Amino acid sequence: MRDGSVRQHRRTLRLLGSLLLVAVGVCVTKASPAQAAAPTPLDRVIPAPASVAPGGAPYRITRGTHIRVDGSREARRVAEYLADLLRPSTGYRLPVTTHGPGGIRLRLADGDFGPEGYRLSSTPRALTISARTPAGLFHGVQTLRQLLPAAVEKDTVQPGPWLVAGGTVEDSPRYGWRGAMLDVSRHFFTVDQVKRYIDQLALYKINKLHLHLSDDQGWRIAIDSWPRLAAYGGSTEVGGGPGGFYTKADYKEIVRYAASRYLEVVPEIDMPGHTNAALASYAELNCDGVAPPLYTGTEVGFSSLCVGKEITYDFVDDVVRELAALTPGRYLHIGGDEAHSTSHEDYVKFMDRVQPVVAKYGKTVVGWHQLTGATPAKGALAQYWGLDRTSAEEKARVVKAAQSGTGLILSPADRVYLDMKYTEETPLGLSWAGYVEVKRSYDWDPGAYLPGVPAGAVRGVEAPLWTETIENSGHIEYMTFPRLPGVAELGWSPAAAHDWERYKVRLAAQAERWDALGIEWYRSPQVPWGSAL
């Protein structure tokens, strides 16, 4: 009996030993992919950096990592933003400090960085982002973010590891204007929905948020001196929904939040056309003194302020004055497109009266490129939204204005209008400018787009999203991604870096990040999704 018990005991020990070895093997098998995870190459980010020098072992964020800043309040704000981004997914404390060796360091310093450039240096001991300005630090943080695994975007603790490839990134933008326009007039979007879009734009170093605040279908900003503009003119939208408007406090919150992500808000009040919401709100703005009904359709070109009435310019002065006071940025957009109900003579007269009003309140005029049919004010910017098939005469007028000193923002509708359908089957969007797939949106050079335009006249690019068919954040995202990152790259990266075959692989690698962020996106067949993971 005793010998049998011993043998049984030995068999039990052998069995337990075998189970332990199996358990260890399972643990090793499960851990090994994470242990063997290679960091994202430094050149995998979007927009493509100006210069990348890979080399050396990676930097690793650990439980003991801290984020070090110098005494600057602005640098500390960027550091707190970074810490808030990293804490949920890593589970680490990541204290922001002003002392200590190693860790992640955000450093404001003199250097040839430019107003938005940065240097990111990654070694096993430390990761340092240096810049001349807080905006440069923030853009460097967006690069760091993309160099980390996509799981860093999740709001629950993830396993890691949190590696950043070794080497140095030297980076600064090609253009100072890298914009996205959101039309809140055709359909209204809440402050929280606009903030969500701002966060998505910031990931790709977009630095201008152009808000289209008024149109035929809705007036979206409170103006104290003309209260019915918002209360009545903002009471509907395309299709007859409830509409809405921003109080001055709402608008200030959007401006504040955008500034915290280093985006400048450019407000637009479209005039003299696209003004039915204003005309419906105040009869005296109409030449016949009769207010038209509110409008919920999508046709354009039928409305116009009454150019011959002095009250029109009192109205413009009041609106510009109040909006300029709310807007710390440099620019105010006065629209000027599709004024088909305004004669050319009246259009020129109107623009000659209105542009000085913008200057009086300390802002620089931006207008759609039809502004070049009048006389653009000194320093004004014209936003070109023409097509490849736009007439030679219209293009020549824009080129002539650029040669005379007018700066250009390029938004060709058949390239970067985010409301254009990808293909005939796209459930959202319009197609009047054609179908705009991802390659077409990316595969052009802003510097050479309009022959004859001096290189210095091109101030940048902007991707507008008109919202006739866009009703919620999911719709915004589906039409924006994957096209917006390409527009951002056209605005940021050197022309020599633009290459569709390489870009589409980098773009494919972004899909996992969008999923982690909960972004709805279009799975273009032109992009090798999954191949870059």
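**View 1. Strands β6 and β7 pair side by side in a sheet.** Strand β6 (residues 118-122) and strand β7 (residues 126-131) run antiparallel, joined over 4 bridges. Strands are DSSP runs of E with at least two residues, and helices are runs of H or I with at least four, numbered from the N terminus. Two strands pair if DSSP finds at least two bridges between them. Ser 122 stands opposite Leu 127 in β7. This is a predicted model: local features need pLDDT of at least 70, side-chain atom pairs count only at pLDDT 80 or more, and totals for chains, interfaces and linings use all residues. Residues are numbered from 1 along each chain as its sequence is written, and side-chain values use heavy atoms, without hydrogens and water.

**View 2. The open sheet has 7 strands.** Their order is β1-β9-β6-β7-β5-β3-β4, with mixed pairing. β1 (51-54) and β4 (96-97) each have a single partner strand, so one side of each lacks a neighbour in the sheet.

View 3. Leaving aside neighbours within four places in sequence, Tyr 246 is in contact (heavy atoms within 4.5 Å) with residues including Val 184, Phe 188, Leu 213 and Ile 254.

**View 4. Two prolines follow cis peptide bonds.** A cis bond joins Ile 46 and Pro 47, with omega about 0 degrees. Pro 47 lies in the loop between α1 (2-35) and β1. The bond from Phe 481 to Pro 482 is also cis, with omega near 25 degrees. Pro 482 sits in the loop between α13 (473-480) and α14 (483-492).
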